[in-house]
Amino acid sequence: MTYHSIEWLEDSGTLRLLDQRKLPEATEYLDYADAEEVATAIHDMIVRGAPAIGAAAAYGLVLTATHSQAQDAGALRDELEAAAATLAASRPTAVNLFGAIKRVMARVADEELDTVAGLRDAVLAEAHAIADEDVRINKAIGLNALPLLPDTCTAIHHCNTGSLATVDYGTALGIIRTAHEHGKRIQVLVDETRPRLQGAKLTAWELKELGIPHRVIADGASGHYMRTQGVDFCVVGCDRVAANGDTANKIGTYNLAVVAHENGVPFYVAAPTTTIDLDTPTGDDIEIEERTPDEVHYVGQTRITPAGVEVGNPAFDVTPARYITAIITERGVVYPPFEENLRKLLRE
Ligand code: MRU
């Protein structure tokens, strides 16, 4: 089966998103004609995963440019500024969201684009470029990781980082996919990833579609598997890598990294350079999204906590750089000291 997290429909000038809240029970697509609705879709996690929300936001701006009634480029620019602000407010942690919006708005600022049609075409071309690059980047990350992986191996993966979390192919899951496609005998222990269960619902669905052997485990079981059964490496995605290598990713990543360190298991972060943010000095400078308590109170429709109790629901955590063995990017594999080597990589 072929599925797309994000698809631009040129004939109707609309954006189609796969409703990831419905998976794995149903594969339903929703069509969008308005940037504000795309911002809500990002916030509500119809589309999710750092690269996917970046691309969705870029196409959100295309929707504004496509359906605007503005009579001149100046008026359209104002509308695009407003849409950019709304999209940027949808989720705070993934830097791809801000990077994609900034990139499109840099095109919008080009004064040589002085017609509504010219601006619209430029915004669309930039969104397509962001989407196309994402797929190329992910495939390159997979290839760069290949030499690090044993021919027969067991990996632990957290959250969802596959085609669903990107425009296509995936980052950490792309590494697993590339290994499988290159004949490595790889099996995956899939962290279920409480509270939203991206691992159990989405990663298991993708691995099943790809025919890659896997087993879903409770998040708390990863240490047990590392200590008793042998795990060759952990591989995760990221929402923002700070200049010193500290990495924000789905809640629970930090716990996994500490247990990996304790057990001498390599801990790899798959990072498109679009997720590396040299303007953020350390992990302490990354805003961590706090989501609705109901994600913890309920599993599906069933409330699991007693009435009246308080819960905390940070969507992400920060893994300090010292627990990360290597950051695998499309430009190559980066080892510590990350502060120095990330800068070097991005300069090259
Ligand atoms: O809250 P989510 O589902 O958007 O979180 C996703 C993750 O944490 C991913 O690991 C990250 O965005 C990288 S996706 C290639």
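The lining of the second largest pocket comprises 9 nonpolar, 5 polar and 6 charged residues (nonpolar: Ala, Val, Leu, Ile, Met, Phe, Trp, Tyr, Cys and Pro; charged: Asp, Glu, Lys and Arg; polar: the others, Gly among them). The model is predicted, with local features needing pLDDT of at least 70 and side-chain atom pairs counted only at pLDDT 80 or more, while totals for chains, interfaces and linings use all residues. Residues are numbered from 1 along each chain as its sequence is written, and side-chain values use heavy atoms, without hydrogens and water.

A pocket is an open set of points on a 1 Å grid over the protein atoms alone, where a 1.4 Å probe fits, with protein on both sides within 12 Å along at least five of seven lines; lining residues have an atom within 4 Å of a point. The second largest pocket holds about 450 Å³ of space (the volume filled by probe spheres set on the points, which are joined across faces, edges and corners). Its lining has 20 residues, and Val95, Asn96, Gly99, Ala100 and Thr274 lie nearest the centre. At least two lining residues come from each of α2 (50–67), α4 (95–108), α5 (116–145) and β11 (276–277) (DSSP runs numbered from the N terminus: helices, H or I, at least four residues; strands, E, at least two). The most, 7 residues, come from α4.

The largest pocket contains about 650 Å³ of space. It is lined by 28 residues, with Arg21, Asp44, Arg196, Lys201 and Glu295 closest to its centre. By class, this lining has 9 nonpolar, 6 polar and 13 charged residues. α7 (198–210), α10 (294–297) and β12 (298–299) each contribute at least two residues to the lining of the largest pocket, and α7 provides the largest share, 3 residues.
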